[in-house]
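Hello,

Here is the structure I promised to hand over. Have a look at it first, and my notes on what turned up follow below.

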Amino acid sequence: VAPIRELDAQLSGVVLTFRDTTDLSVMAGRLSYQASHDALTGLLNRHEFEARLELAMAGCSMDGRQHALCHLDLDQFKVVNNTCGHIAGDELLKQLGARFRAILREDDSVARLGGDEFGLLLEDCSLTEAKEIAGKIIKMAQAFRFTWQDKSFNIGLSLGLVPITENSGSLTDVLGAADSACYVAKDRGHNHLHVFVQNDLALTRHKGEMQWLQHIREALDNDRFQLYHQLIQPLDETENNGFRYSEILLRMQHKDGEIITPSLFLPAAERYHLMPAIDRWVVSHSLQLLSKQTAQKVSYSINLSAQSLCEDEFLDFVLTELDASDIAPERVCFEITETAAIANLARAMRFITELKGRGCSFALDDFGSGLSSFGYLKNLPVDFLKIDGVFIKDIDNNPIDRAMVEAINQIGHIMGIKTVAEFVTTGDVMKVVKEIGVDYGQGYHIARPVPVVLVDEQTDAQGLV
């Protein structure tokens with residue numbers, strides 16, 4: 001605005017300047033939308049969702065209102081991505097986002113929290129109503145078929161539901177409870193809902209596993225794993241070729257010095273796919289130890305997990321480590337459980353064939369635990385059968401167990417495979433497996449697991465322990 005005045009200063013007019021701000025308003029609105037919404041799906045983003053959740057929680061404290069938070073996770077998203085590419089994965093997320101909005105009430109909020117995870121804020125919603133909405137989402141997922149080109153996929157959802165009241169705690173507490181409840185639902189399979197309640201045993205177990213997960217990562221980062229070994233003894237002394245066979249076993253050293261057995265931390269490692277990293281550590285350190293025991297006829301049996309068998313890069317890693325260690329491959333035996341080999345038969349065959357070509361040997365661990373053990377055995381070129389300890393531990397009192405072991409031992413020998421009896425815990429058990437003709441024994445009656453230590457080359461093999 002500019003005034004126009006006469007010479008005597010009297011106002012005679014005004015100049016007004018107008019500017020069209022439509023573009024700026026549109027741009028400001030667009031920036032505001034982009035700041036609060038996910039670019040791919042058009043849903044709220046995590047930042048905006050958490051702001052709305054915090055505001056809703058504040059309302060609970062002031063007037064006693066009740067809301068519900070639902071955390072959703074897709075169960076087959078990686079399958080779509082790996083099979084059809086990320087464009088197909090993006091399309092799946094957009095389609096699901098639209099379906100979520102169609103099911104929810106007008107005032108409810110839905111957000112893409114990241115990756116294939118979504119959040120639902122159901123305001124002024126009782127737990128009963130929230131369960132009904134979650135049930136509709138599960139039915140939608142069960143009926144939904146995602147089609148991309150010539151492929152069709154069933155999509156599963158895992159849902160964690162948390163009621164929000166004035167006693168729900170902080171924003172972090174509520175988000176953490178929903179995330180944990182979603183993990184519990186995921187453990188139960190496709191299209192499950194888990195409702196958070198205080199003192200939930202399933203959530204307590206999940207939190208315990210998350211704590212072990214942190215300990216495992218610290219042990220990997222700080223080299224706090226330890227190798228133990230347990231002697232595998234020939235039961236027929238005339239078959240002893242001078243080699244000392246031992247199975248490598250793993251222990252974790254806690255930061256306070258406590259030695260932790262694998263039964264406590266391996267379940268968490270398997271659940272959160274850390275076994276390949278642990279197997280890498282074990283293989284690398286075992287081969288390093290073998291390379292330093294040049295004057296001793298020592299052979300190590302190294303366990304491998306099913307997760308490592310399924311990892312394409314793991315075979316290349318093992319081959320590289322073998323080449324770098326410069327040890328005779330005949331001193332290395334890899335153990336694979338029967339169930340892992342059967343579940344990943346093609347990969348197991350490739351893994352075994354490649355490493356046997358280098359001179360390594362293979363043992364099939366826990367043999368007899370599967371329903372089709374003998375049928376699969378003829379397709380697996382292994383050198384040793386480790387008979388499942390469930391058939392060994394009571395073999396001196398159970399004729400059925402004895403008959404099973406006799407059958408496994410006989411078929412193994414017909415195929416040219418050596419047999420190993422696990423869980424040889426007493427002299428009576430030892431006597432029976434010798435009578436049957438099992439080639440090797442392993443268990444507390446023979447030797448307990450002990451730390452692997454290097455000895456002077458002048459020391460005899462017994463000095464290894």
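**Helix α5 and its partner α4**

In the contact between these two helices, L96, R99, F100 and I103 of α4 meet I133, K136, I137 and M140 of α5; contact here means heavy atoms within 4.5 Å. By class, six of these residues are nonpolar, none is polar and two are charged. For those classes, Ala, Val, Leu, Ile, Met, Phe, Trp, Tyr, Cys and Pro count as nonpolar, Asp, Glu, Lys and Arg as charged, and the others, Gly among them, as polar.

Before going further, please keep in mind that this is a predicted model, in which local features need pLDDT of at least 70 and side-chain atom pairs count only at pLDDT 80 or more, while totals for chains, interfaces and linings use all residues. Residues are numbered from 1 along each chain as its sequence is written, and side-chain values use heavy atoms, with hydrogens and water left out.

Back to the helices: α4 (residues 86-103) packs against α5 at an angle of about 140°, with the axes 10 Å apart. The axes are lines fitted to C-alpha atoms, for helices over the stretch in contact, and the angles run from 0 to 180 degrees between N-to-C directions. Helices (H or I, at least four residues) and strands (E, at least two) are DSSP runs, numbered from the N terminus. The crossing of α4 past α5 is right-handed, a term for the near helix being turned clockwise from the far one by less than a right angle (left-handed if anticlockwise).

Two further residues of α5 may interest you. K131 sits in this helix, which spans residues 127-143. K131 is partly exposed, at a relative accessible area of 41%; buried means under 20%, exposed over 50%, and partly exposed in between (1.4 Å probe, protein chains only). Setting aside neighbours within four places in sequence, K131 touches L161 and V195. Its C-alpha atom is 9.7 Å from that of C70, although 61 residues separate K131 and C70 along the chain. G135 also belongs to α5 and is partly exposed, with 26% relative accessibility. From G135 to I103 the C-alpha distance is 10 Å, across 32 residues of sequence.

Helix α2 (residues 46-63) packs with helix α6 (residues 171-187) at about 115°, and their axes are 10 Å apart. The two are therefore roughly perpendicular; the cut-offs are under 35 degrees for roughly parallel, over 145 for roughly antiparallel, 65 to 115 for roughly perpendicular, and oblique for the rest. α2 passes α6 in a right-handed crossing. On the α2 side the contact is made by E50, L53, E54 and M57, and on the α6 side by L171, V174 and L175. Five of these residues are nonpolar, none is polar and two are charged.

Helix α9 (residues 275-292) and helix α11 (residues 312-325) also have axes 10 Å apart, with an angle of about 15°. That angle makes α9 roughly parallel to α11, and the crossing is right-handed. Here P276, D279, R280, V283, S284, L287 and S291 of α9 meet E313, F314, F317, E321, L322 and S325 of α11. This contact holds six nonpolar, three polar and four charged residues.

**Aromatic pairs**

The whole structure contains twelve aromatic pairs. To count as a pair, rings of Phe, Tyr and Trp (its six-membered ring) need centres within 6.5 Å; planes under 30 degrees apart are stacked, over 60 edge-to-face, and the rest tilted. One of the pairs is F334 with F362, which is tilted, at 5.7 Å centre to centre and 40° between the planes. The pair links distant parts of the chain, with F334 in strand β14 (residues 332-337) and F362 in strand β15 (residues 361-367), 28 residues apart. F334 is buried at 0% relative accessible area, and F362 is buried at 0% too. F314, F317, F334, F351 and F362 form one aromatic cluster.

**Positive phi values**

Two residues other than glycine deserve a look in the loops. Q149 has a positive phi, near 55°, and lies in the loop between β6 (145-148) and β7 (151-154). Q149 is exposed, at 68% relative accessibility. F423 has a positive phi near 65° and is in the loop between β17 (418-421) and α17 (427-436). At 47% relative accessibility, F423 is partly exposed.

Best wishes
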